[in-house]
Amino acid sequence: GWLATGWNYATELRYVDTTISDESLGNWFSRETSKGTQTIKAGDRGHIECQPWFNEKYRHYWMFKCNIVGKRFKINKNNAQCNLWDVDASSAPSFVLHNVEGSTVRLTMIMNSGNDYFTMVEY
């Protein structure tokens, strides 16, 4: 419940790196990778087949990468956290990309429990 989740969030302070494939070096418990290969035109939608594993007792870290007009973008940090709750367990996340200004891209992740926002950088 809420008490166990709060305890975990308050006491687990290690650094997690989602880009390291070894779980002990990256300090992560479980990792899932979902890939989409389709081209999505501006204003259209695409779909990545995924149903991520959820457990509200654990922190959930994300890395989102994509190509936009031949340029590669990713979330600006390797340990971007998005809190998930049991209400999210039966859903698939939706991702929306916004060109904010120049080459700055904002990623909105939409879940049943709410939205989270990430800055993406070219790499």
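In what order do the strands of the open sheet lie, and is their pairing parallel or antiparallel?

Reply: The model is a predicted one, and what follows should be read with that in mind. The open sheet has five strands in the order E2-E3-E7-E6-E5, and their pairing is antiparallel. At its edges lie strand E2 (65–68) and strand E5 (94–101), each of which pairs on one side only. Averaged over the sheet and with direction ignored, neighbouring strands are turned by 30 degrees against each other.

To place this sheet in the whole, the protein has two helices and seven strands, and from the N terminus on its elements run α-α-β-β-β-β-β-β-β. Of its 123 residues, 27% count as buried, and among the contacts between residues at least 6 apart in sequence, 49% join residues at least 24 apart. The protein exposes about 8,600 Å², of which carbon and sulfur atoms supply 49%.

Leu107 stands opposite Phe118, a residue of E7. Leaving aside residues up to four places away in sequence, Phe118 touches Ile75, Ala80, Gln81, Cys82, Val105, Arg106, Leu107 and Met109.

Phe118 also belongs to the largest nonpolar core, which holds 15 residues, and together with Leu84, Met109 and Met120 it is among those that touch the most other members. Strand E3 (71–75), strand E6 (104–111) and strand E7 (114–122) each supply at least two residues of this core, and E6 gives the most, with four residues.

His60 is placed in the loop between helix H2 (23–26) and strand E1 (61–62). With a relative accessible area of 8%, His60 counts as buried, because the cut-off for that term is under 20%. Again not counting residues up to four places away in sequence, His60 touches Trp53, Phe54, Asn55, Ala80, Gln81, Cys82 and Leu84.

Terms used
Residues numbered from 1 in each chain as written. Predicted model: local features only at pLDDT ≥ 70, side-chain atom pairs only at ≥ 80, totals over all residues. Heavy atoms only, no water. Buried < 20%, exposed > 50% of the residue type's maximum accessible area, 1.4 Å probe, protein only. Contact = heavy atoms within 4.5 Å. Areas by Shrake-Rupley, 256 points an atom, 1.4 Å probe, with all protein chains shown as cover. Core = buried A, V, L, I, M, F, W, Y, C linked by side-chain atoms within 4.5 Å. Pairing = 2+ DSSP bridges. Axes fitted to C-alpha atoms, helices over the stretch in contact; angles between N-to-C directions.
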